[in-house]
Amino acid sequence: MTAGILFLIYFASAILYMFLIFAFTEGWYRLSRFSFSHRDLSTPLSVIIPFRNEKENLTRLLETLLQQSYPAAFTEIIFVNDHSEDGGENLLNDFIHRQNIQNVQLISSPGTGKKAALQTGIASASGKLIVITDADCLPTRSWLTEIVTFYEQNHPRLILGPVIYDGERTLQEKLFSLEFMSLVASGAGSAGIGLPFMGNAANMAFEKKIYLDATDDALQNGFASGDDVFFIQYISRKFGRRAVTFIKNEETIVRTSPPSSVSSFLRQRIRWGSKARGYTQPWAMLVSYTVFFYNLMLTISFITGFFYPWEWIIYGLFIIIKTLIDFPLLYAFSRFAGKRRLLPLLFPFEIIYPFYITFVAFRSLFPYQWKNRQWKQ
């Protein structure tokens with residue numbers, strides 16, 4: 001294959017990739033910044049936290065939730081134990097009883113995995129509005145107040161909230177954070193143009209009835225991951241694409257720590273990547289295949305450069321093009337998230353990214369381990 005033909009293939013894939021990222025960027029700017037308006041709020045809600053082996057995080061999260069500005073009289077907190085092996089459920093139970101907390105439940109999931117735990121918690125919930133997060137996350141004090149206000153004003157079927165890594169210290173943690181921002185920003189921007197396909201279950205809200213109606217249709221699909229993505233697809237099919245919204249407000253940001261190592265980061269991304277084969281939305285499929293193909297071409301170009309050095313010129317050129325395409329969206333989201341200090345790492349991040357995404361895509365086709373469990377897809 002001649003260099004000219006290869007260049008045309010790369011150029012065509014870059015154009016399609018550029019179209020997608022520019023669409024996400026346009027969607028981000030279309031999202032209206034939500035501002036809280038003082039009003040009487042009375043929606044009963046339940047916060048659901050599925051957990052497994054989160055002993056270090058449980059009481060810290062509960063203390064944060066107990067300090068929420070939303071009225072405790074309308075708030076129910078449900079922790080769902082997914083067969084933890086570290087004794088965290090005992091620590092949490094002791095804390096609840098010692099503090100005599102009345103609006104907190106600790107229950108056990110009879111099933112296996114996060115989705116089963118979510119279903120158990122939601123089925124037990126008494127609130128009309130369900131808000132879900134992860135045990136290793138920390139929201140702001142006004143998190144629930146902002147979400148309920150947004151819900152009462154706009155009545156969306158599904159609210160997607162922002163999630164970021166925080167407390168990055170090492171170079172690798174900063175690169176992890178930059179990558180995570182790109183995912184959250186893409187999901188937000190896609191919702192902004194009315195084509196939602198990705199969100200994060202660490203910060204989502206919806207009505208209980210809608211989730212229970214969706215359970216058999218949307219969530220029983222054999223995937224260990226995807227409780228967020230497949231639910232988004234279900235909502236879009238049943239209620240229309242505009243039924244899924246992203247709440248653009250700094251006070252609704254949920255923070256979590258970056259993965260502690262490269263291996264834990266890759267295991268998490270492999271788990272996330274494994275659900276891509278379950279995508280049914282044409283838009284979600286277009287996005288996942290376009291991103292994969294463009295990065296696969298870059299990876300192949302770098303490897304073949306060892307035999308044909310001119311391939312490295314093509315590789316370098318399209319890495320620069322990719323950086324220029326990605327920058328506007330990441331700049332906009334990093335300003336929103338208070339993470340602009342990470343932007344100088346964008347170019348070295350782009351050099352690494354094609355190899356990472358190619359590895360994860362292929363590795364997710366095979367069984368993987370997550371939280372001491374072996375999953376087969």
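Among contacts in the protein chain (heavy atoms within 4.5 Å) between residues at least 6 apart in sequence, 84% join residues at least 24 apart. The model is predicted, with local features needing pLDDT of at least 70 and side-chain atom pairs counting only at pLDDT 80 or more, while totals for chains, interfaces and linings use all residues. Residues are numbered from 1 along each chain as its sequence is written, and side-chain values use heavy atoms, with hydrogens and water left out.

**Overall build**

- The protein chain contains 12 helices and 12 strands; these are DSSP runs numbered from the N terminus, with helices being H or I of at least four residues and strands being E of at least two.
- The radius of gyration is 21 Å, close to the 21 Å given by the globule rule for 377 residues, so the protein chain is as compact as a globular protein of that length. The radius is taken over C-alpha atoms, and the rule is 2.2 Å times the number of residues to the power 0.38.
- Along the principal axes, the C-alpha atoms of the protein chain fill a box of roughly 70 × 45 × 40 Å.

**Surface and charge**

- Of the 377 residues, 58% count as buried. Buried means under 20% relative accessible area, exposed means over 50%, and partly exposed lies in between, with a 1.4 Å probe and protein chains only.
- The accessible surface of the protein chain is about 16400 Å², and carbon and sulfur atoms account for 59% of that. Accessible areas come from the Shrake-Rupley method with a 1.4 Å probe, and for residues only the protein chains shown count as cover.
- There are 36 positive and 30 negative side chains in the protein chain, and the centres of the two sets lie 3 Å apart. Lys and Arg count as positive and Asp and Glu as negative, while His and the chain ends are not counted. Each charge is placed at NZ of Lys, CZ of Arg, CG of Asp or CD of Glu.

**Aromatic pairs**

- The structure holds 29 aromatic pairs. Rings of Phe, Tyr and Trp (its six-membered ring) pair if their centres lie within 6.5 Å; planes under 30 degrees apart count as stacked, over 60 as edge-to-face and the rest as tilted.
- Phe51 and Phe79 have ring centres 6.4 Å apart and planes at 70°, so this pair is edge-to-face. The pair links distant parts of the chain, since Phe51 is in strand S1 (residues 45-51) and Phe79 in strand S2 (residues 75-81), 28 residues apart.
- Phe51 is buried, with a relative accessible area of 3%, and Phe79 is buried with a value of 0%.
- Phe302 and Phe355 also form an edge-to-face aromatic pair, at 5.2 Å centre to centre and 80° between the planes. This pair links distant parts of the chain: Phe302 belongs to helix H10 (residues 282-304) and Phe355 to helix H12 (residues 346-363), 53 residues apart.
- Phe302 counts as partly exposed at 27% relative accessibility, and Phe355 counts as partly exposed at 28%.
- One aromatic cluster is formed by Phe176, Phe265, Phe349, Tyr353 and Tyr356.

**Positive phi in loops**

- His83 is not a glycine, yet has a positive phi of about 55°. His83 sits in the loop between S2 and helix H3 (88-99) and counts as partly exposed at 36% relative accessibility.
- His155 is not a glycine either and has a positive phi of about 50°. His155 lies in the loop between helix H5 (143-154) and strand S6 (158-160) and, at 55% relative accessibility, counts as exposed.

**Individual positions**

- Gly240 is placed in the loop between helix H8 (229-239) and strand S9 (244-246) and counts as partly exposed, at 26% relative accessibility. From C-alpha to C-alpha, Gly240 and Arg157 are 9.6 Å apart in space and 83 residues apart in sequence.
- Leu118 belongs to helix H4 (residues 114-124) and is buried, with a relative accessible area of 3%. A distance of 9.8 Å separates the C-alpha atoms of Leu118 and Asn81, which are 37 residues apart along the chain.
- Phe11 is in helix H1 (residues 3-30) and counts as partly exposed at 43% relative accessibility. Phe11 and Leu296 are 285 residues apart in sequence, with 14 Å in space from C-alpha to C-alpha.
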